[in-house]
Amino acid sequence: MEILRIEGLSKTFGSGDLEVRALEDISLSVSKGELVALLGPSGSGKTTLLLCISLILEPTTGKIDFDGQTIFQKNGWGGIDIRRVRREKIGFTFQSHNLIPFLTAKQNVIFPLSLVGIKKEVAESRAMELLEYMEIANRGDYLPGLLSGGEQQRVAIARALANKAKLILADEPTASLDTARGMRVMELLKKIARENQSAVIVVTHDERMIKGFDHVYHLKDGCLERNQ
Amino acid sequence: MDLAFYDLKQHRGRFIATVIGVGLLFTIVLAMNGLYRGNIYEGLALINATNPDLWVVERYRGGPFNEQSTIPEFYHYSVKSVPGVERASPFIYYTVERPIEGKSRHFSIIGYDIFGGLGGPQKIFAGRSIQNAHYEMVAHPKLGVHIGDRVTLGLHTYTVVGLTKEAVSSDGEALVYLSLPDAQEVLYQRDNEEVRAQRERLLRDLRGQSYLSPTQAEKLLVPLQSETHIINAVLVRLKPGANRAEVARLIDDWLYLSAFSTENEVELMLKGRLASIAKQLLLFRTLLLLISVVIVSLVVYTFTMEKIRSIAVMKLIGAPNWVIVRMVMEQSLLLTIGAFLFGAVLIMNTHSLFPRTILIVPGDTLLTFIIALAGGILASILGLWQALKTQPAMALGG
């Protein structure tokens, strides 16, 4: 079942002589449980595409359907509470993990649950469940600064999964990890896609990490090429 | 989830230091409030404690506390004869600086008719009132004297026979009550050489007048010497049912004096001597409150800027603006409330150590708290503005 459909998406910055076309006629479809990799060199438009998929950056043209709802078309976001869509349906992990430094690992996972009004006891139990799933439950009461890079990334993934996200967007999730830890994180993402039926889009520049992905797209000068 | 609390828990050292710093500023603001109230209390204490029906002073003068008023002592007989007046008592009030127990002390002296006159100490908490016409005094314990102590003022020594805390002078200094003749003597007492020199000057002037013989000149010398039977005011108690305004009008019109009610005296003080200090303290308080708000604002801004990436992550995750607004504002309010409580507790426990009266009035403290709270909300605006304009995209990338 299709969870994300992008048609003819383009993004232009500036105008006239200063116009830069960051994305050009991008079309993409991702289904539940699918693992998708976006590869590309620096400046190819990976982050711009990720921002558009994250509903942070408004595309110039095109159409985005997400979870059976048209989120973006000619008229813009069309009055949809995009922050709410992000809160309830999209999970994020980042290159630098971006855990909230003053919250413990467990509290970082509870945070997105608190945003959707889940009761404290339920949220705590779900957070512990996710940390156990990520095999880091024993570090639940630690602040991010006391965790290793790999541990932080696992907490970040647990946070992304907290609200049973339908789409997980991972921006260079292995960039700050060594190969072994990077591979471990990728395995976890694959496990999530398989077991939770969440679609996972990973932006990376490291081709070693995308073994076993369902689709691999290459971005070059704002244009998308599908490899497999 | 209380993000503000968790963040402050992480930075508790800095938070506590800031609370103490801003709290000390609030201590000064509250001390200024207390000083303002204390000033008014001290300034009016004597007027309120004496509380006659009318204060009769030199014409067009606002005396005896707000402005110097000088009238001959015998005028109180004239006032007594005005219809409606039951009692009219001479009253003298002045400030001196004299050595007491080897230390130079600044205090005020009240002279009153000790034989049933108005203006004497109303509540004596130790000892008794003045009963002898001379050489007895009732003092405020601020002067550092005790019952039975002997205090030398000028040529004579006075025994402390009573202590009263009822009132202080309008400057907050200790009060000393003396009998009227004693008070006049202390006030007008001059050096003997100076008295002789003045007499010689006056005699020479009189002898220089061609229409006076030497004998006439010498006879005129005594009445022309400086008068010491001078008072500052006459305190009036009215007969039951007498019309105060009418009695005052009669005194004004027929005796060429000015008569004020206690309320008028209070007003004169508030608009006169106490007005400038009140304005001064108001400006200080405003300035200090502004400084407190600016400091809280900068601290909250710094706290917010340190969290800017976390705020971007929160926005990316989908946190609504109110979550971020609440976090920033809570920190600002926690800081303001914490600092205010620190300041309030500190001043409550130290106000008695100040030399002047610091009168902490709950209403003033509450009003300052409300202003501080509004300031705290205002202070968070800078941080809020920064937080709300943060783009979630900032969370992406390395």
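Me: How many residues of chain A and chain B take part in the contact?
Reply: Chain A gives 27 residues and chain B gives 19; two residues are in contact if their C-beta atoms, placed from the backbone, lie within 7 Å. Keep in mind that this is a predicted model, where local features need pLDDT of at least 70, side-chain atom pairs count only at pLDDT 80 or more, and totals for chains, interfaces and linings use all residues. Residues are numbered from 1 along each chain as its sequence is written, while chains are lettered from A and ligands numbered from 1 in the order in which they are written.

Me: What makes S6 and S10 of chain A edge strands?
Reply: Two strands pair if DSSP finds at least two bridges between them. Strand S6 (90-93) and strand S10 (223-226) of chain A each pair on one side only, in an open sheet of 6 strands ordered S6-S7-S8-S3-S9-S10.

Me: How do you know that S3 and S8 of chain A pair?
Reply: 5 bridges join S3(A) to S8(A), and the definition asks for at least two, so they pair. One of the bridges links A:Leu35 with A:Val200. The two strands run parallel.

Methods. Helix = DSSP H or I, 4+ residues; strand = E, 2+ residues; numbered from the N terminus.
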